[in-house]
Amino acid sequence: MRVSLRWLRQHLNFKIEPDALVDCLMRIGMEVEETFDLGMKSGLLVVGHLQSVEKHPKADKLTVCQVDTGGERPLTIVCGAANHRAGDKVPVALPGMTLPNGLTLRRTEIRGVASEGMLCSPTEIAWSQDDSGILILPPEFKTGEPFDFLAEVSITSNRPDCMSIFGLARDIAAAHRKKIYLHAPRVQEQLEHIEQLLHVSVKERQLCTRYCARLIRNVKVGPSPLWMVRALESAGLRSINNVVDVTNFVLLELGHPLHAFDAEMIADRQITVRCAQPGEEMKTLDDTKVSLHPDDLLICDSRRPIALAGIMGGANSEVTETTNVVALESAHFDPTCIRRAASRHGFSTDSSQRFERGADRDMAPVALNRATQLIRELAGGEVAKGVIDVQPTITETKTPVQLRLARVRRLLGAEIAQTEIADILVHLGCEIVRAEREQFFVNPPSYRVDLGREADLIEEIARLHGYDKIPRSLPAVVGQPRRGPANALAVERLREAFVAEGLHEAVNFGFVSSDTLRKAGLLPVPPVSVRNPLNREYDTLRPSVLVSLLANAAHNLRHGARDIRLFEIGNAFAADGAGAVRESLEAAVVLTGSLGGSWDRPAHPIDFYTAKGLAERALTTVGITQWQIAPLTDPRYHPKRAAALMQGSAELVRFGELHPGLLESLDIEDVRVCAVEMAVAPLSERARARRRFMEIPRFPRVERDIALVADEAVPAGDLQATIEKAGGELFERARLFDLYRGENLPAGKRSLAFALTFGAADRTLRDDEVQTAIEAILHAVAEAHGATLRS
C-alpha cells in the first residue's frame, strides 16, 4: 500500500516528519518496504507557481518559465514540455535534488539561458507512468511548500483496519497517545424517500451481514477535479470518472469498499443479494466472462447478476458518461465467502483484499455517506431521502475480553503501570467495560477483527508501549530432557540420518498431476482430487512421497545431473471406502548415479545394497536395532532387486531398485534408480525414546568367523536371527560379510559367512567358552535350517 504523507497529514491533528513517520510505522509493526522523498525530507522538491511561460529565444520546442517557489525571487527554468501554462502549479526540483532515477540536479545553461531547476513530469519523480508532460498540481497547493513523501507500506493480513489512510493515521495517533476523529459527512437530501425508488432484498443473511444503499439522481458523469486525480495517483490508482473515482477515493481514505451502479440499468429497481444458480454466467467490468459457482455471492437485479459481491461489478450496470442515476452500495460480506470466490475465479481486487481480511461492518454507512457527499459535490445531482440499511434485527452481544494485569507482566517480562495499560487500550479504541482488582474487561472496537483473546490485547500493549522499552533479560529455564511427540522425534532422527549420508532434503507440494500418476500406473482408486487446483499440475493429492521425489529426479536428470541423492519427509494421502481422506507421514529417498569416489578410490555405483545399507542405518539412528529382511512384492520395484525390513509382521522399510517400466513412464531412461520408503508412525511406535550409552569395554572382544552352507531358499536374515537367539550370554553380534556360490558346493546350496563377536564385562574370555557358544549356534542353525559348517 502506497501512502502519501500529504494525505496522511490531513487526518492527523499533529505534525509528523518523514523520518518520524517511517520510524513510527516500523515500531508499531508496519513494514516500510520503500520510500520516495518528494521534497518533504530534503526540501528540494517544492510546489512552484508559474508566473510566466515564454518561448525560448533559440529553440522552438523549449520554454523559459519564471517560477515562484516561495523564495526571495522567481527562478528561471528552461522546460521542454508543452502542457504547462502561466498560473499553473507544478512540482519544481531545485539544484541538489536527487531524483528517484538517480539524477542529481544542478544549475545549468540551456541554449544560452540559465536554468535554475526543473519542472517535473510524473515519471521523473516516480509519481505515475504518465510521461506526456509536466505534472500539474491542484491550485489549492501552497506555493513553496514541499511536495510530498511516499512510503510503500506492507500491511499484514491480520490488520485490515490499517488498509486505508484514516486507518493508518488512527494507529499512528494511538502510538503517540492521541485520538483522531472521523467527522460525520453531511448529506443534503432532496428527493422522495429511497424506498420508493429502490428495493433491496438479502437472501443470504449469513454471507451478507449488512447492505446499505443510497440513490442519487441527475448526476453528471465527467472528469474528476485535479485534487481527486492527484490523490488517487499518490496511491497508485488512475482516474476513471468522477463517480467511480469517489468510490476509489473513499476506499483508500476509509478502507471500506463501495460500488456504484447505473440505477437505470437495474431491472425493476430491485437489488437482490443471493448465491449463484446452476449454469449462471456474468461479464465483469474488465470484460471477463465468468461461469459462476453455486457458492458465489451475487448482487442481482430482478433478471440477472449485476456484480460479483465484494469483488467486482458487472459490465451490464457500469457507470458511464451517459449515466444519470447512481445507486451506491456499501455492504459487509463474509470474509471466507469472498476469499473463496476470488480464488476460484482468479480475481484479486482492492475490494476483495479488504473484505477477505475482514472489513468493519460499522463503517458501511459512514463510507456510504462520505461517498454520497463527494458525488454530490463533484458530479451534482439530487440525493434521495434516507438510507436502505439491511442488517440483522438482533444485535450480537459482545463478550468482553478479560485482561489480567499479572499475565501482562508475566508474558512481557516488564512492569507496565496500570494507568498506561488503560491509556493504551483507550487510544486503540477499546472500551473498558469494567475494571476489577488487577484486571480489565475490554470490548475491542469493531474495526479490530484481530483482537479476540487476552494474548491479542497483550500484544497490542507491547506494541504501543514499545518493544525497545521492554528490558532485556534471560528467561529462567529449568534444564530437562526434551520430550516431544513421538513422530517429531522420529522425524528429527531420520533427517539426521539422511543428512549424515550426504543426502539433500527436498520440499515439495502435497499436490501432483493426475495425468502423470495415470501414465505411470500410480493413480490410486479412488484418487484424492483437489476441487479448486492452482493448475492441472496440482490437481491430485499425492499417494506417496516417492512420487514427488521421482519428479524431482526426472527434472534434474533432464538438466544434466547424474548423481542425485534426495530425501523428503512429508505427508501422503489416501481415500478410504467411506470417502474420508487419510493423511500419513512418510519418509522417502531417491538415489541415482554413484556414491563416493576420489583420487584414491573409484566411485561406487548405486545399487540394491546401497539402498539396503541406508535403510538399515536409518533404522538404527531412529532407535530400532532388531529387524528381519523379507522379499518385497511391489510393482513399482524391480522383482529381483528389492526387499523389505520387517519386525514381526509389521513392515518398517521397503527399498531397492525401481522397476524400469515405471521409470520409462516418467521419462527416466538408461538410469538405475534406487529408492527407500518408510511410514513414520510404525517407526515411532517401535523406536527407543531415549538413546542408551554403554561403557567402553574394559576387556578385549573375541571374534570368530563361521561359514554356513544352506539351501538357496533359506534367507540370510533367518540364519542371522537364529544365530543371535542361540548365541547365549557371551554373544554380542553377528555380521554377514560374504556370500559364495560355485565350486565345491552342492547344487542348490550357497555359503554365507558371518563374523561373530563375543565378550564379557568382567573378564577376558577363554577359548573353550567361545567354542561352547559356537557349537550351540551350529546346533541351532542345523536344527532350524539344515545348515552345516563349511569345511
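Mentor: Partly exposed means a relative accessible area between the buried limit, under 20%, and the exposed limit, over 50%. Keep in mind that this is a predicted model.

Trainee: Why is Glu651 called partly exposed?

Mentor: Its relative accessible area is 30%. Buried needs under 20% and exposed needs over 50%. Glu651 therefore counts as partly exposed.

Trainee: What makes the meeting of Glu651 and Arg654 a salt bridge?

Mentor: The N to O distance is 2.8 Å. The cut-off is 4 Å, from a side-chain nitrogen of Lys or Arg to a carboxyl oxygen of Asp or Glu. So the pair qualifies.

Trainee: Why is the contact of Arg641 with Glu657 called a salt bridge?

Mentor: The closest N and O atoms are 3.3 Å apart. That is within 4 Å, so the term applies. The pair links distant parts of the chain. Arg641 sits in strand S35 (residues 637-647) and Glu657 in strand S36 (residues 650-658), 16 residues apart.

Trainee: Is Glu657 buried or exposed, and how do you know?

Mentor: Glu657 has a relative accessible area of 7%. Buried means under 20%, so Glu657 is buried. Arg641 stands at 35%, so Arg641 counts as partly exposed.

Trainee: What makes Asp711 and Lys749 a salt bridge?

Mentor: Their side chains meet at 2.5 Å, N to O. The limit is 4 Å, so this pair passes. Asp711 lies in strand S38 (residues 702-711) and Lys749 in strand S40 (residues 749-758), 38 residues apart. Asp711 is partly exposed at 34%. Lys749 is partly exposed too, at 24%.

Trainee: Which residues have the most contacts inside the largest nonpolar core?

Mentor: Leu8, Ile172, Val243, Leu403 and Ile421, in a core of 79 residues. Apart from that core lies another, of 45 residues, among them Leu191 and Val200.

How values were computed:
Residues are numbered from 1 along each chain as its sequence is written. This is a predicted model: local features need pLDDT of at least 70, side-chain atom pairs count only at pLDDT 80 or more; totals for chains, interfaces and linings use all residues. Side-chain values use heavy atoms; hydrogens and water are left out. A nonpolar core is a set of buried Ala, Val, Leu, Ile, Met, Phe, Trp, Tyr and Cys residues joined through side-chain atoms within 4.5 Å. Buried means under 20% relative accessible area, exposed over 50%, partly exposed in between (1.4 Å probe, protein chains only). Helices (H or I, at least four residues) and strands (E, at least two) are DSSP runs, numbered from the N terminus.
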